[in-house]
Amino acid sequence: MLPPLLLPHPLHLPCQPSHAPPWVDRSPAPPADFRPNQGAQAMMDEIDRKLLTLLQEDASLSLAQLAERVGLSSTPCWKRVQKLEARGVLARRVALVAPEKVGVGLIVFVAIEAADHSPEWLDRFARTVAAMPEVMEVYRMAGEIDYMLRVAVADMAAFDIFYKSLIAAVPLRNVTSRFAMERIKHTTAYPLQRSAFRDRGQPGERASDTEEEE
């Protein structure tokens, strides 16, 4: 089964400050000791877990604040964040926009049954929803429906325009829309599973990993 199709959140805008935080690595080259054939999970420990927790909460924290909160000096902390970025664990930094402040007043969950399951149809559908800024997320589903969309619009009239554009752009067997009345919880922070992080001092840990943090 193909993995779900995930689209970037159009309201999550990349931060572009005039002076980037000091821990941001602008160099395209990965760290010298980075080994591409070794998985990120095998390299992460509880300090990395703390860093990821902090950065998911507030990516604007300074290097000094991060280092103090995880118990490192500045240079080792900076190197760790660089490595997390180089390995793709930290995918990007964004600013989270309050939807109600920018005129987004209605969230709609749209369940779609495909009219066709050919590669050509899927490509057309994927390109169509990718080009629609109202579509925040798209998932390919198991079960009775084929795709689930989360759509953000100003109001019912705006959704009607979106709906007509969608069904005109790609043939669909059935479309069912469910309108959110209230958002009870929303977070962008993923739960960090302890199984993905090793304990510090485990057999096989390189001496330099510990020495650089003393």
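Helices are DSSP runs of at least four residues, numbered from the N terminus. The model described here is predicted. In this model, helix H6 covers residues 156-169. Phe 159 and Phe 162 lie three residues apart in H6, so about one helical turn separates them. Their rings form a tilted aromatic pair, with 5.9 Å from centre to centre and 35 degrees between the planes. Phe 159 has 6% relative accessibility and therefore counts as buried. Phe 162, at 3%, also counts as buried. Both residues belong to one aromatic cluster, together with Tyr 163 and Phe 179.

Six aromatic pairs occur in the structure. One of them joins Phe 125 and Tyr 147: the ring centres are 4.7 Å apart and the planes meet at 40 degrees, so this pair is tilted. The pair links distant parts of the chain, 22 residues apart. Phe 125 sits in helix H5 (residues 119-130), while Tyr 147 sits in strand E5. Phe 125 and Tyr 147 are both buried.

Strand E5 spans residues 147-153 and is mostly covered. Six of its seven residues are buried. E5 pairs with strand E3 (residues 106-114), and the two run antiparallel, joined by seven bridges. Within this pairing, Ile 107 has Ala 152 of E5 as its bridge partner. Strand E4 (residues 135-140) also pairs with E5 in the antiparallel sense, over five bridges. Here Arg 140 is the bridge partner of Tyr 147. E4 and E5 form a hairpin with six residues between the strands. In this hairpin, Gly 143 takes a positive phi near 110 degrees.

Technical notes. Residues numbered from 1 in each chain as written. Predicted model: local features only at pLDDT ≥ 70, side-chain atom pairs only at ≥ 80, totals over all residues. Heavy atoms only, no water. Buried < 20%, exposed > 50% of the residue type's maximum accessible area, 1.4 Å probe, protein only. Pairing = 2+ DSSP bridges. Phe/Tyr/Trp six-rings, centres within 6.5 Å; stacked < 30°, edge-to-face > 60°.
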